[in-house]
Amino acid sequence: MQLSKQRGKWRDCQLFCIGIILWGLLRHQLFGLRRLTASNIKIGTWESPLPLSQTNWVKTQLEKKNPGLAVEVVVIKTRGDKIPDAPLSKAGSKSLFVKEIEDALLQGDIDLAVHSMKDMPAEIPKGPYIGAVPIRKIANDVFISKEKLHFSELKPGARIGANGQARMAQLLFKRPDIKIVRLQGDLDTRLRTLETEDLDGIILAAAGILKMNMGMRITEYLDETFMLPAVGQGALCIETRDNDYKVLPFVTKLDERDTRSVIMGERAFSRRLGGGCQVPLAALGKIEENTFSITGIVADPDGKKIIKETMSGSRD
């Protein structure tokens, strides 16, 4: 009888302890969610007008889709900012503008990071996670001409500003007579180069120009049959920590299924071919009538030879 009472008390004690543990876990989750909702999500980005504009757009969308959520933008100085005149192909890799922001994310200094998808390395290290890919509206490049001439109207030997190995290779393949001047710096700096370097024109991504409300500067949109864009061009990457289940529910509301599928296809193409700033490759994916297609190129840096292929299949 005494033994039975002792066992009953021990069982009651166990149940009490389990209840305390479960309540503690539940309280921790509820408190964490309440704290996150009541205070801030911190978004990190690097210091330049275009990244800041993109990040403020993400901030607005997060607050719009998550009433009561406050979002703070944190500007992070990156190695890419400190060596603005070095080409990415020589300064390191696309991760030049990404790594310091990812470090801040993993250390808990920020909760999200906003990048241009084309700046993301082909391989993402363990820890960060692509939490959302918002809808991509345009992937193409544009031509901005000093004299309002279309690219086909340029005189032999014209001086054209451009950056990106694949972009420059495609230009030389189309027009081996032109002189390419490598563009550096942020969008405003590249636009000023049109005057300071006595260029006939420059080629830039349409998305950045439009995001900064500079569409009036565009002379000509270049379709993908003329210029295949960089992998991920025109899309945003919103990174979270891969185990951050408090932040992810807020972020996934910005994810657009078709854009994400297309971007992941382009990035798979890049990984397969060892993509990075040193390899002149470009790709553009599309989803039409439940069919996924992707066109990709690999080129010689001097543009003498380009291999181009298109593949398609079910989107699933």
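Between which two strands does the loop holding Lys148 lie? In this predicted model, the loop in question runs between β5 (141–145) and β6 (159–162).

Asp198 is not a glycine either, yet its phi is positive, at about 50 degrees. Asp198 is placed in the loop between α7 (187–196) and β8 (201–205). With a relative accessibility of 54%, Asp198 is exposed too.

Now for the sheet. Strands β11, β12 and β13 make up an open, antiparallel sheet of three strands, in the order β11-β12-β13. At the edges are β11 (281–288) and β13 (306–314), each of which pairs on one side only. From one strand to the next, the twist averages 15 degrees. Strands of a sheet pair through backbone hydrogen bonds, either parallel or antiparallel. Here, β12 (residues 291–299) and β13 run antiparallel and are joined by nine bridges. Within this strand pair, Gly296 has Glu309 of β13 as its bridge partner.

The sheet also has a helix packed on it: α10 (residues 257–272), which touches β11 and β12. The direction of α10 makes about 150 degrees with that of β11.

Technical notes
Residues are numbered from 1 along each chain as its sequence is written. This is a predicted model: local features need pLDDT of at least 70, side-chain atom pairs count only at pLDDT 80 or more; totals for chains, interfaces and linings use all residues. Side-chain values use heavy atoms; hydrogens and water are left out. Helices (H or I, at least four residues) and strands (E, at least two) are DSSP runs, numbered from the N terminus. Buried means under 20% relative accessible area, exposed over 50%, partly exposed in between (1.4 Å probe, protein chains only). Two strands pair if DSSP finds at least two bridges between them. Axes are lines fitted to C-alpha atoms, for helices over the stretch in contact, and angles run from 0 to 180 degrees between N-to-C directions. Contact means heavy atoms within 4.5 Å.
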